[in-house]
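Subject: Structure for your review

Dear colleague,

I am passing on the structure below, together with some notes on what was found in it. Please look through the model first and then read on.

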Amino acid sequence: MEPTKDELEIRNKMVAKVTDLAQRVFGMCQVLPFGSQVTGLCLPDSDIDFVIRFPKKGSTDGNAKSASKVIRLDDTEEEDCDFIASNPLHKFAEAVHDENEEHLSYLEVIEQTRVPLVKFTVEPYKIDIDVCFDQPGGPESADLMHRFMNSMPPLRPLTFVLKYFLSSRDINKPFTGGIGSYLLQLMIVSFLQQRSREDLMRTGRLGNYFNLGSLLIDFFELYGIDFNYVTTGISVRNDGFYFAKGERDKKSVFWQPSRQSGLAVENPLDITMDVGAGAYRIQMIQRVFEHSFKTLLAYVAEPREETYSILARIIPPTEAMEKRRVQKMESEAKAAVVNTFNNNNTERDLQDRNSRKKRKANGHDSNNKQAKHNDRGNERSISKYTY
């Protein structure tokens with residue numbers, strides 16, 4: 001499910017092209033990829049997300065990593081920056097069209113959404129590019145996920161499986177009411193936090209070694225059957241906890257009278273933001289999770305249903321997946337041959353080095369013996385003529 005080396009190179013080239021185009025269009029701006037492209041949790045066909053940030057009056061340099069250089073804008077530049085910052089969507093969309101007119105297969109400016117963006121696809125890569133402007137939290141959320149992945153080994157494989165699961169059902173796009181990558185990862189993090197807490201209470205120790213299949217089934221059970229979407233919100237701060245959506249300090253953000261069963265997930269980087277607010281198809285997705293739980297349970301509970309692959313019951317393999325599997329096996333086989341060759345060369349080099357050391361040592365000993373023999377001969381000669 002992970003991209004190949006060639007696919008990663010293509011994605012990196014797209015990042016460079018979008019960055020170059022944005023800087024040519026807007027000049028002084030900061031172009032930041034974020035999301036799965038940065039965390040390394042992208043599928044081969046995952047979107048590449050960008051946020052373009054413009055400098056504010058008296059703000060620091062948008063391209064500088066340190067906050068040491070202050071931009072000084074004159075009145076004209078300030079007016080230009082204000083105009084661009086207030087009208088960036090269509091300006092960038094026009095630039096994308098002019099730059100890629102021959103190879104552009106899709107271009108849309110999506111304004112009627114929580115995060116307005118420019119979405120486009122360039123042939124032949126068929127990778128969607130999403131560009132938003134002056135949105136907070138994107139790159140910072142990637143840093144947060146890196147920290148979670150370091151402390152939670154199951155997070156990475158579960159994310160890949162569940163992202164593909166959602167993508168195969170077309171319920172993974174936030175602007176169509178699906179569960180986006182960041183929301184999904186927060187749901188998995190919360191699930192793992194609760195699971196670790198249960199393991200600690202039951203066994204007295206944290207579950208550092210998990211059965212991924214069991215975790216996947218438990219994830220579907222939690223969000224498909226057990227979780228109360230009407231009353232409960234999710235937070236991953238402070239090792240994770242649930243909260244009541246109707247609490248006085250939570251209600252204004254997380255309680256939606258028109259969608260009482262909506263998914264409420266607190267953004268750990270901005271606790272006044274509900275990451276799950278856009279997932280308006282969550283009731284349908286809940287039923288999908290429930291069905292998947294029951295399907296998997298039929299193949300692991302007694303009496304078991306026989307199948308060649310349990311996971312294939314909910315994620316049917318495609319020709320592309322089979323081709324990717326063969327490519328991965330061939331790549332691993334080539335890598336093994338190269339490693340064996342390198343190891344053999346290393347061993348041969350060590351043997352040659354040891355042999356040279358032995359020959360040198362033997363030669364040194366022979367020279368010493370010859371020198372001692374000559375010294376004794378000289379001593380006899382001297383003693384002969386002394387008397």
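The notes below cover salt bridges, a pocket, a surface patch and some backbone features.

This is a predicted model, in which local features need pLDDT of at least 70 and side-chain atom pairs count only at pLDDT 80 or more, whereas totals for chains, interfaces and linings use all residues. Residues are numbered from 1 along each chain as its sequence is written, and side-chain values use heavy atoms, with hydrogens and water left out.

Salt bridges

A salt bridge is taken as a side-chain nitrogen of Lys or Arg within 4 Å of a carboxyl oxygen of Asp or Glu, and the count by this rule comes to 13. Helices (H or I, at least four residues) and strands (E, at least two) are DSSP runs, numbered from the N terminus. For side chains, buried means under 20% relative accessible area, exposed over 50%, and partly exposed in between (1.4 Å probe, protein chains only).

One of the salt bridges joins glutamate 140 to arginine 53, at 3.4 Å from N to O. This pair links distant parts of the chain, since glutamate 140 belongs to helix H5 (residues 138-151) and arginine 53 to strand E2 (residues 48-53), 87 residues apart. Glutamate 140 is partly exposed, at 35% relative accessible area, while arginine 53 counts as buried at 19%.

Lysine 119 and aspartate 130 form another salt bridge, at 2.8 Å from N to O. Because lysine 119 lies in strand E4 (residues 117-122) and aspartate 130 in strand E5 (residues 127-133), the pair ties together parts that are eleven residues apart in sequence. Lysine 119 is buried at 3% relative accessibility, and aspartate 130 is buried at 9%.

In helix H7 (residues 181-203), aspartate 199 and arginine 195 are four residues apart, and so separated by about one helical turn; the closest N and O atoms of their salt bridge are 3.6 Å apart. Aspartate 199 is buried at 7% relative accessibility, and arginine 195 is buried at 15%. A network of salt bridges links Arg195, Asp199, Arg202 and Asp218.

The second largest pocket

A pocket is defined on a 1 Å grid over the protein atoms alone, as an open set of points where a 1.4 Å probe fits, with protein on both sides within 12 Å along at least five of seven lines, and its lining residues have an atom within 4 Å of a point. The second largest pocket holds about 1,100 Å³ of space. It is lined by 31 residues, of which Met1, Glu2, Met321, Arg324 and Arg325 are the closest to its centre. Helix H1 (5-26), helix H6 (155-168) and helix H11 (319-386) each give two or more residues to this lining, and H11 gives the most, with ten.

Surface and backbone

Leu297, Val300 and Ile310 make a nonpolar surface patch of about 190 Å², where patch residues have over 30% relative accessible area and no salt bridge, like charges being joined within 9 Å and nonpolar side chains (Val, Leu, Ile, Met, Phe, Trp, Tyr) within 5 Å. Leucine 297 sits in helix H10 (residues 282-300).

The peptide bond from glutamate 302 to proline 303 is cis, with omega near -10 degrees, and proline 303 is placed in the loop between H10 and H11. Asparagine 238, although not a glycine, has a positive phi of about 55 degrees; asparagine 238 counts as exposed at 64% relative accessibility.

With best wishes

Notes
Accessible areas come from the Shrake-Rupley method with a 1.4 Å probe; for residues, only the protein chains shown count as cover. Grid points are joined across faces, edges and corners, and a volume is the space filled by probe spheres set on the points.
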